[in-house]
Amino acid sequence: MLARDCWLQFFNRKGINMRYTPVTKKSLFSAAVCALLVAAPAKATIYDEAVSGDLSNDKGAPTALTLTPGSNSVIGTVNGFAPGTDPQDWVSFTIPTGFVMTSYINSKYDSTDPQGFTGFQFGSSFSGDEFVAISYAGYAHFGFAATNPDGTPPVSTVGVNLLPLMADPSFAPGTTGFTPPLAAGTYTFLIQQGNPVTTGYQFDMTLRSVPETGSSLCLLGMGGLAILALRRRLGYLDRRIR
């Protein structure tokens, strides 16, 4: 809508309004930008345990969520195995056709434990042993001082996109592997705190569209038309001055 409205500032149904459109440096710049403008990605919290209740504790029946274009946030808590009562949150994310998931960001971490664990498997439920690396396509420890198998010192993952790290076999050895970004489909994620301490978290998943050849050519065509229109407008003014 934003790109369309901006485009209409320079064109009407009969074509270019040569007579009334003032030409300034600002309008020239705006026209060029508008030709290729796209709307900013949306941000949304798609699940908050404080509002919607506990995420599933069953790997065979995870909470099913469909991601939308832009940033998708999931907020929750886990509190460890016995005597904790909620060590695992299981959620399946569906990426619609025509989109890819480019990031899995650990945007918040609140705990007295330095780290938790997260990993995922292809499909709408999790099969196999979640305590064995081969069950995962990728995994990572996350937190304010997370230690991972690549041998680096403990580091904070807050604000870090974990997706490319989870795909790195030196960072997550023993997995089946994957290549980011994640394509359209359904993936089951585990978010876990093994120690009996309450751990609050937020993960942000970013979805972007996969441009089709036709739509890309359309945008380039719009840009070319805008430039042509401006050149004609300048030529018209030049003739009037002479």
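## Overall make-up

Five helices and twelve strands make up the secondary structure of the protein, where helices (H or I, at least four residues) and strands (E, at least two) are DSSP runs numbered from the N terminus. This is a predicted model, in which local features need pLDDT of at least 70 and side-chain atom pairs count only at pLDDT 80 or more, while totals for chains, interfaces and linings use all residues. Residues are numbered from 1 along each chain as its sequence is written, and side-chain values use heavy atoms, with hydrogens and water left out.

Of the 242 residues, 37% count as buried, meaning under 20% relative accessible area, with exposed meaning over 50% and partly exposed in between (1.4 Å probe, protein chains only).

## Strand E11 and its partners

Strand E11, residues 185-192, is mostly covered, since six of its eight residues are buried. It pairs in the antiparallel sense with strand E6 (residues 88-95) over eight bridges, pairing being assigned if DSSP finds at least two bridges between two strands. Within this pairing, Val-91 has Phe-189 of E11 as its bridge partner.

Strand E8 (residues 116-122) is also paired with E11 in the antiparallel sense, here over six bridges, and Gly-119 has Leu-190 of E11 as its bridge partner.

Leaving aside residues up to four places away in sequence, Ser-124 touches Pro-62, Ser-92, Thr-186 and Thr-188, a contact being heavy atoms within 4.5 Å. The C-alpha atoms of Ser-124 and Thr-63 are separated by 9.5 Å, although the two residues are 61 residues apart along the chain.
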